[in-house]
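Dear colleague,

Please find below the structure that I am handing over to you. My findings follow directly after it.

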Amino acid sequence: MKTEFEKMRSQELYSFADEEIAKSLIHAKKTCARLQTMTIFDKDYREVLSDLIPGIPASVRICPPFHCDHGNGCRLGENVFLNYNCVLLDGGYITIGKNTRIGPNCQLYTPSHPIDYVARREDKETAYPVTIGEDCWLGGGVIVCPGVTIGDRCIIAAGSVVTHDIPSDSMAAGVPAEVKKSIK
């Protein structure tokens, strides 16, 4: 039988009121709060970031303020850069490929609440992974919705809302984001 945490990471309906999930959330909130008072140049920055996101490569830079639900659901490749005020809701895994640049105020969402309003009253949701390929650039204010995959070498224009997959070597823009051209 799966734990609620295992269900969360397996795209199954889970209780976000579960004790193990709550413990993970509390750790991330407290660690994010510590990070908010730092810059990428502070002595303890790397230590706090590693506590928040286990296994984070030394080449990754995240400019505070930064917010996430768990931290342990973030899988970041070498040389990833996240600018100020990014939000990664990582109930499901969020994978960002190497050399990807994420602009300020970007938000990557994995949680999805039930469609039925009565079911939404319960402490339950599902989390669908978000995957962003290598060598991508997300402009400021981009929102990526649950379950979306953005291929390698994509550019997502500032302010776009990505509601569906974007193929590699594409430039997408708009609300919802649509592929505007190939950038091969």
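A residue is called buried when its relative accessible area is under 20%, exposed when that area is over 50%, and partly exposed in between. Please keep in mind throughout that this is a predicted model.

Two loop residues with positive phi

By that cut-off Asp-169 is buried, because its relative accessibility is 12%. Asp-169 lies in the loop that runs between strand S17 (161–162) and strand S18. Its phi is near 60°, a positive value in a residue that is not glycine. Asn-99 likewise has a positive phi without being glycine, here near 65°. Asn-99 sits in the loop between strand S7 (94–96) and strand S8 (101–102). With a relative accessible area of 28%, Asn-99 is partly exposed.

Thr-100

The loop between S7 and S8 also holds Thr-100. Is Thr-100 buried or exposed? Its relative accessibility is 0%, so Thr-100 counts as buried. The side chain of Thr-100 comes to 3.1 Å from the backbone nitrogen of Cys-136. Leaving aside residues up to four places away in sequence, Thr-100 touches Asn-79, Val-80, Phe-81, Ile-132, Gly-133, Glu-134, Asp-135 and Cys-136.

Cis peptide bonds

Pro-64 and Pro-65 are joined by a cis peptide bond, with omega about 5°. Pro-65 belongs to the loop between strand S2 (61–62) and strand S3 (66–68). A cis peptide bond also leads from Val-175 to Pro-176, where omega is near -5°.

Which strands make up the open sheet, and in what order? Seven strands form it, in the order S2-S5-S8-S13-S16-S18-S19, and their pairing is mixed. S2 and S19 stand at the edges; each has a single partner strand, so one side of each is left without a neighbour in the sheet. The pairing of S2 with strand S5 (residues 81–82) is parallel and extends over two bridges. Within this pair, Ile-62 stands opposite Leu-82 in S5.

Phe-41

Phe-41 is located in the loop between helix H2 (19–36) and helix H3 (45–52). Its relative accessibility is 73%, and Phe-41 therefore counts as exposed. In sequence, Phe-41 and Cys-63 are 22 residues apart, while their C-alpha atoms are 9.8 Å apart in space.

Cysteines

How many disulfides does the structure hold? There are zero disulfides. For Cys-68, the closest cysteine sulfur is that of Cys-32, but the two sulfurs are 3.9 Å apart, which is too far for a bond. The cut-off behind this reasoning is that the two sulfur atoms of a disulfide must lie within 2.5 Å. Cys-68 counts as buried, because its relative accessibility is 2%. Cys-145 is in no disulfide either; the nearest cysteine sulfur, in Cys-106, is 13 Å away. Cys-145 also counts as buried, since its relative accessibility is 18%.

With kind regards

Definitions and conventions:
Residues are numbered from 1 along each chain as its sequence is written. This is a predicted model: local features need pLDDT of at least 70, side-chain atom pairs count only at pLDDT 80 or more; totals for chains, interfaces and linings use all residues. Side-chain values use heavy atoms; hydrogens and water are left out. Helices (H or I, at least four residues) and strands (E, at least two) are DSSP runs, numbered from the N terminus. Buried means under 20% relative accessible area, exposed over 50%, partly exposed in between (1.4 Å probe, protein chains only). A polar contact is a pair of N or O atoms within 3.5 Å; within protein, one must be able to donate a hydrogen and the other to accept it, and residues adjacent in sequence count only if both atoms are side-chain atoms. Contact means heavy atoms within 4.5 Å. Two strands pair if DSSP finds at least two bridges between them.
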